[in-house]
Amino acid sequence: MHPLNWLIVVVYLAYVVYDGLRRSRGTQHLEGYFLASRSLPWWAVGLSVMATQLSAVTMIGTTGQGATDGMRFVQFYFGLPLAMVILGVTLVPFMHGAKVFTAYEYLERRFDAKTRSLTAFLFLVSRGMSCGTIIAAPAVVFTAIFGWPLGWSVALMGIPTILYTVIGGVQAVTWADVKQMVLIVVAVFAIFVVLVVRIPVPADDALAIAGAAGRLRVFDLSFNLTDTYTLWSGIIGGTFLMLSYFGTDQSQVQRYLTAKSVDEARSSLLMSAYWKIPLQALILLVGVLVFVFYQFHEPPVLYNPAHERRAREAQPAQYQEIQARYATAVADRQVAARALADARRADAESPNYAAAATSLRQREAAVTAVRGEALALAERVTGEPSRDVNYIIPRFVLDQLPIGLAGLFVAGVMAAAMSSIAAELNSLASTTVIDFYRRWVRPEATDAHFLGVSKLATAVWGLFACIVATYAASLGSLIEVVNRFGSFFYGSILGVFLLAMIPRAGALGAFVGLITGMATVAVVNFGAPSVSFLWHNVIGAVTVVVVGMLMPGPRREATAAR
Amino acid sequence: MAQPPASVPPDPRADAARFRTTLARVMAVQVVTLLLLWLLQRWYSV
């Protein structure tokens, strides 16, 4: 990468740390450290909510998915706006009004200590691991592209994030998120503009090529429980998932607990409701345009440069033979793409246009088949999975973008990773200190003592995340187990919070419902593994509410206690 | 037995009205977005 690109990355990292240190004022008390003394404006909280949810995987993986699979992934977010509105009138007023530090603290006030501790424990296990994977995803890509040791890539993002999160608390996290979100959007727009300029056909033709190749298919109306990306999975399953994530996950709840008032907290969530789907569509469209760009420029046969190098060195003759066939297939596809554009300009209703589209699809299938052989070769040679969707956009950016923009993109990917990690470290520390240390270990201590422990907890979780990220490859199966385990309880925790808003629900019902909900999802997961995880959230939440309502309510519990 | 906190939404009717207004606005933006995506799909499908 050009030195100017590196300069942009270094300036970004230095500024984020400097700004974090500057924000440490006002964090001399626990409430300031974790909740910014409930003083932040709605727009800052709203951008922080969006930045936390938008991780580096979105920047590199979702754009790559747009290039290979098209726009249909956007259906995943169709439930988000409705979920945000529901939360705005249900959980947000309850949680903000209760003046709690964590979402789980509220559950003890409503139910009992064991329900609080179990939900807080489940959060720590799942988020502790996922924090590592959030750093690992971009770190692995940077390592493959720049040739650094994995530990360096992890440290480059992890250490500055730990620094500003430990020192500045939620103030630093939120204001860094604001700038990082702006940087991310600018980087995505810049790539979009470059693509529009550099694709050698008019935008209308470019979209026609994407449409003919099936990349602009957004809506899938089939009702299929095994497919994650359908309209119904997105609206029903997605609504429950987003309710769980934004309503009960401390990494998000803590964002809007920092708002000045209930109305400001609601407004912050509505920012995501308005902008999430358009932003996600833009990110996928960038991927689609990269696909079109490579119709007219020869793409690499393998996007992962480390795999490309090792395959070429280990099997030079076979690799060269595949590459020659790939070049021919790509050239044929380019001819088909130009023929399609010409046919559309001549008459979009004519049979020639439909025939040109069929021809393009056939050429595209031929390119994919040759690339499949290269991926299989890379897998044999390296012994690693060769799927390279996450490398498509970084490779495009570094090979094709003008000087300066590549640095902006790398800084944008780092910003996306750091904003998500920082929020998670902050929320892991608040849950550790408030729901466990202060609740069970040391209920009586000075505010300064809890503040010191909170900073220590943030640093320990940060180091833990870096260690998980560094060993992500060897921990692969463990991380998968934890992620799968996470899908067992996400909907069930939502069910407990829903029960909390029903006056006749009692503590016993909440606890038994939570256990039953998780067990039901586990049975569905192992009994019908093809059912998409989006439906697990619906099953878990509904089970908890039904079981919770069947158990004795508060009045009968009180009578039994007497 | 712990009870729900006292500081719950003060006026359910005002809350319901605000919810309806917000829902209408958010859904209007989403309908426009989805309509544009649908037009994109329909216009360029072959």
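Analyst: What follows begins with one residue and then widens to the chain and its partner.

The model is predicted, so local features need pLDDT of at least 70 and side-chain atom pairs count only at pLDDT 80 or more, while totals for chains, interfaces and linings use all residues. Residues are numbered from 1 along each chain as its sequence is written, chains are lettered from A and ligands numbered from 1 in the order in which they are written, and side-chain values use heavy atoms, with hydrogens and water left out.

The residue is Thr52(A), in helix α3 (residues 42–53) of chain A; helices are DSSP runs of H or I with at least four residues, strands are runs of E with at least two, and both are numbered from the N terminus. With a relative accessible area of 3%, Thr52(A) is buried. Buried means under 20% relative accessible area, exposed over 50%, and partly exposed in between, using a 1.4 Å probe and protein chains only. Leaving aside residues up to four places away in sequence, Thr52(A) touches Asp177(A), Tyr245(A), Ser251(A), Gln252(A), Arg255(A), Ser419(A), Ser420(A) and Ala423(A). Contact here means heavy atoms within 4.5 Å. Tyr437(A) is 385 residues from Thr52(A) along the chain, and their C-alpha atoms are separated by 25 Å.

Ser117(A) has its place in helix α8 (residues 113–146) of chain A. With residues up to four places away in sequence not counted, it touches Phe436(A) and Trp440(A).

Turning to the whole chain, chain A has 23 helices and zero strands. Its radius of gyration is 25 Å, close to the 24 Å given by the globule rule for 562 residues, so chain A is as compact as a globular protein of that length. That radius is taken over C-alpha atoms, and the rule is 2.2 Å times the number of residues to the power 0.38. Of the 562 residues in chain A, 62% are buried. Among contacts in chain A with a separation of 6 or more, 85% join residues 24 or more positions apart.

Chain A also meets chain B, in a contact that takes 41 residues from chain A and 27 residues from chain B. The two chains bury about 2,900 Å² between them, 71% of it on carbon and sulfur atoms. On the chain A side, Val85(A), Phe219(A) and Tyr274(A) lose the most area to chain B, together 20% of what that side buries. Buried area is the accessible area (1.4 Å probe) that two parts lose on being put together, summed over both.
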